[in-house]
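Hi,

Here is the structure I promised to pass on.

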Amino acid sequence: MINDKMYALGSQRSEIRELFEYGKKRKAEIGEENVFDFSLGNPSVPCPEEVNEAIVSLVRSGNSVSLHGYTSAQGDKGVRDAIASHISRAHGFEVSGDDLYLTVGAAAALTCSLTATVCPGEEVILLAPYFPEYKVFVERTGASVKVVKCTEGSFEPDVDAIRSAITERTAAIIVNSPNNPTGAVYSESSIKAIVEVLNEKSREYGRDIYLIADEPYRELVYDGVYVPFIPKYYDNTIVCYSYSKSLSLPGERIGYCLVSPRAHEHLRVYLAICGAGRALGYVCAPSLLQKAIPYCIGLYSDLSVYDKNRQLLLTNLTEYGFEVVKPQGAFYLFIKAPDGNSKAFSEEAKKHELLIVASDSFGYSGYARISYCVKTEQIEKALPAFRALAERLGLCGE
Ligand code: PLP
């Protein structure tokens, strides 16, 4: 006997992975340079040199027993304190190392936060379109997802719809801004409106509703747009952060949960996250990467490349007649399927060797996601294929 649910997860790849694997096969057939793979959110910009230098100097420090040893389950105290001082300075909001639990990236921060705050039979609100793994992470806890669509066009949260979706069984809501897949950055007024609803509903149902702020793209913003720091607005917030995108380290698996010091049951929530990490078998976040982080605080990969890619796509795809959502952050462009059929659009794009993910896997139909965290040359070379696709779909003249 095996666990059928786990078998299903392991045997069916996500649509994003499916397309990525197709791309690998196709590249072997027709040459790497002839396939325009926009499927994955794997950063193309190298990490800052200081990250490599920190890792090398730690390895050369001669202290390999403690360097490679287990740390405290919640992470090295000095590392947590250093991250906490940075957060306090950057956001003008005092947090301490004891509010932080270091994790194996944002994915583990999410599974720990959800496992800690959500019980079987409860509900978690997801704002569509959403990162597909949320559904997997929520359902593993025995809870179910309740999907609330964002407002078409701006892709800001629809606060009235959130109000109607909350029931006495709502344990948490996941808010992801800057957003994957739309690139939207939720405005301060949207955040304040969500907070008002959560406070109202928490009072009505006599329970704390947790806001899980998934923020791996926090620093990836354009045109100086402001990303509200949610713990300032809502007490029962857990921030899930990761260095995967900001430092281009997705394979190294390092991030954290920050339990707001103002959370009503702060210590209980924090200890429940420690318990979740234990139950999930994480033990501790990778020691070498933990210890490299204090040397890299305040550093980011060169994000100007993503901005250049964004501008290039925005200008040209609009000119070809496509409707796109202007991204304010992250490195994804949401493009409308001209006839509303996202699957058919993605399939048609494939015929032009363009690999873009149909939006249905993000819980939203009618669009596709273009991950533009690729080399600028790939976009330049792909533009004729996008033009040909537009012509094929009757958007611009041949
Ligand atoms: N949340 C969102 C919205 C993401 O896009 C991703 C990865 O692409 C993650 C979480 C997982 O990030 P990590 O690699 O840090 O686990």
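Searching the whole structure turns up 28 salt bridges, a salt bridge being a side-chain nitrogen of Lys or Arg within 4 Å of a carboxyl oxygen of Asp or Glu. Before the details, note that this is a predicted model, where local features need pLDDT of at least 70 and side-chain atom pairs count only at pLDDT 80 or more, while totals for chains, interfaces and linings use all residues. Residues are numbered from 1 along each chain as its sequence is written, and side-chain values use heavy atoms, with hydrogens and water left out.

One of the bridges joins Glu123 and Arg169, at 3.0 Å from N to O. Glu123 sits in strand β3 (residues 123-128) and Arg169 in the loop between α8 (159-165) and β5 (170-176), 46 residues apart; helices (H or I, at least four residues) and strands (E, at least two) are DSSP runs, numbered from the N terminus. Glu123 is buried at 7% relative accessible area, whereas Arg169 is partly exposed at 40% (buried is under 20%, exposed over 50%, partly exposed in between, with a 1.4 Å probe and protein chains only).

Another bridge pairs Glu347 with Lys350 (3.4 Å, N to O). Both are in helix α13 (residues 342-351), 3 residues apart, or about one turn of the helix. Glu347 is partly exposed at 43%, and Lys350 is buried at 18%. There is also a network: Lys77, Arg80, Asp81 and Asp98 are joined by salt bridges that share partners.

Lys350 turns up again over the face of Tyr22, 4.4 Å from the ring centre. That label needs NZ of Lys or CZ of Arg within 6 Å of the ring centre and within 35 degrees of the ring normal. Lys149 lies over the face of Tyr364 in this way, at 5.1 Å.

On to the rings: there are 17 aromatic pairs, meaning Phe, Tyr or Trp rings (for Trp, the six-membered one) with centres within 6.5 Å, stacked if the planes are under 30 degrees apart, edge-to-face if over 60 and tilted otherwise. Phe334 and Tyr367 are stacked, 4.7 Å between centres and 5° between planes. Phe334 is in strand β10 (residues 332-336) and Tyr367 in strand β13 (residues 367-371), so the pair ties together parts 33 residues apart in sequence.

Lastly, helix α11 (residues 287-296) is mostly covered, with 7 of its 10 residues buried.

Cheers
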